[in-house]
Amino acid sequence: MGRYFKEHKLLVAVTAVLSLLTGLLVAGVALLLQQVLDLALGGEAERFMRTLVFTVVYFVVMGASVYLSTLLLHKMTFRVLRSMRRAVFAGVMRQNMEEFHAVNTADYLSALNNDMKIIQENYIDNIFGVFYNIVLFLASLIVMLYFDVFVTLVVIGTALLMMLVPGLLGKALQTRQKVQSEKMSAFMARLKDFFSGFEIIRTYRMGAFTQKDFAKQNDELFTAQYRVGKLMALVAGLTATLAILVQVTAIFLSAYFIIIGRITAGVLLGLVQASGQLVSPVGALFGMLPLIQGAKPIIERVNRFADHEPSGFVGTGTPTFETGVTASNLNFGYTEADATLQDVTVRFERGKKYAIIGGSGCGKSTLVKLLTGYYSKYEGEIAYDDADLHQLDMEKLGELSATIHQNIYLFDETIRDNICLHRDYSDEELTHALAISGVDMFVGSDAKGLFDPVGENGANLSGGQRQRIAVARALILKKPLLILDEGTSSLDMQTAYDIESRLLKEGDLTLITITHALNPDLLQSYDGIIFMESGKVIETGTYAELMQQNGAFAAYSNIVKD
């Protein structure tokens, strides 16, 4: 947390100074009360009136100090949280695809929302509360010693009992708060799953199961939160009881000293006030310290996201794509027992067009994901020109290729924003992308439709319209390598044919198409076809060559046609 406080060190320092001033002013109230009562009982009217005026001014200054310190504490808290959220978001965005998908996205949401709330309420607020209460305790201690040393020692001895509370309950509270955070992440993950799968839930009549599962998750979260609440209530109850005990001790002892003539009534009032101000910070401190300790695992969890540095691909070389990309003896599995790709060797030359064909689960999509740096833990070699993929800068590698997936994601913005992705393009570039993708067919000739909102993940559009936008988004970038991973599957056959045929005519574009559709007219236009089965490349060649061989590809083609 220190780095975030250091980022706002001036604001932190001013807040601390005002907290110090406020603590001293509050402790001084006991001295004022002692003076007022003793002057009143002594009949010193003139000094009483002067003290009254001073008291009014004193309370105005104290009120202003409380207001300003509280205001600055809020400002500082929100700025620190803003910095933390930025750091966490930046850390998540630094991840590569492999690392990002290794964590449930609900964990990211929980870190940026629920965990921030815990850190604010249990750590940041209490850190400054600890500082303020230490100041108030020390100042009140000095005031009490000024009034009577013996009473002060007895009160402190009684207050030592309160020190047992954090030692006995602090660790248990820390453990329970960690469990609460984990349960909240699990709850968020399940909610995300239900809302994302709403259509499936409705279509397949999963309402009863969903309600039951939600109730289970909700109950587990409630139980975790309630266990934290019970322990916090115990801490609060114990500290409050001990605080009352300390004040009662001070009252009875001071009253006895009045009887024997050791102190005045004003000193009694001052001691009672000061003892309250001495005990109150002790109670507050021992209520705050377990919360601060309990928040530390949450801070560590958040910092793990903020401090993330990519692993796997850590190269710094600038990638080039002058001749092509090659995969040699490539082996990969999503798990140790899985062999998604086996000894795959292929080459894609710049400017040429390739189709990767095979049945579902044969490794087609996995192959192109590896080529574009999705996963780092593979055997074999992937090279852009002559540079190994592990030696290249992944951010710069992303400038070479664009992928159009079967499952399209659209941001909840306008059509134009989803195509241009908030970059500036000329009218000619935009018009070209709209024409080839066919977006111009539904946005209107004056292009005003480009500013229509698409809704959440394109809810306002049909599947075909969403896919056309994805095609336009990839084309406008003018990257040398374009990958169609079933990228026209949501379009009707004629439209898909038109788009694919136009892409095949783009001279300097290297096109890799993953498809189940076997249209001979289109396949004859590809420079090479790669046929895969069970994670292996079985045959390669032009369409005419493979059909003439009458091998695995020809047999697959006949099955698909039938």
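Predicted model: local features only at pLDDT ≥ 70, side-chain atom pairs only at ≥ 80, totals over all residues.
Who does Phe321 pair up with? Its partner is Tyr384, and the two make a tilted aromatic pair. A pair of aromatic rings is described by two things: the distance of the centres and the angle of the planes. For Phe321 and Tyr384 that works out as 6.2 Å centre to centre and 55° between the planes. Now check where the two sit: Phe321 is in the loop between helix H11 (265-306) and strand E1 (324-332), while Tyr384 belongs to strand E4 (residues 379-384), so the pair ties together parts that are 63 residues apart in sequence. Tyr384 is buried too, because its relative accessibility is 1%, and under 20% counts as buried.

Next, have a look at Phe332 and Tyr334. Their ring centres are 5.0 Å apart and their planes meet at 80°, so this pair is edge-to-face. Are these two buried or partly exposed? Phe332 is buried, at 6% relative accessible area, whereas Tyr334 is partly exposed, at 43%. Ring pairs also bring in Tyr374 and Tyr375, which join Phe332 and Tyr334 in a cluster. Across the structure, you'll find 18 aromatic pairs.

Which residues make the nonpolar patch of about 360 Å²? They are Met49, Leu52, Val56 and Val60. With a relative accessible area of 46%, Met49 is partly exposed.

Technical notes
Residues numbered from 1 in each chain as written. Heavy atoms only, no water. Patch = residues over 30% accessible without salt bridge, like charges linked within 9 Å, V, L, I, M, F, W, Y side chains within 5 Å. Areas by Shrake-Rupley, 256 points an atom, 1.4 Å probe, with all protein chains shown as cover. Salt bridge = Lys/Arg side-chain N within 4 Å of Asp/Glu carboxyl O. Buried < 20%, exposed > 50% of the residue type's maximum accessible area, 1.4 Å probe, protein only. Phe/Tyr/Trp six-rings, centres within 6.5 Å; stacked < 30°, edge-to-face > 60°. Helix = DSSP H or I, 4+ residues; strand = E, 2+ residues; numbered from the N terminus.
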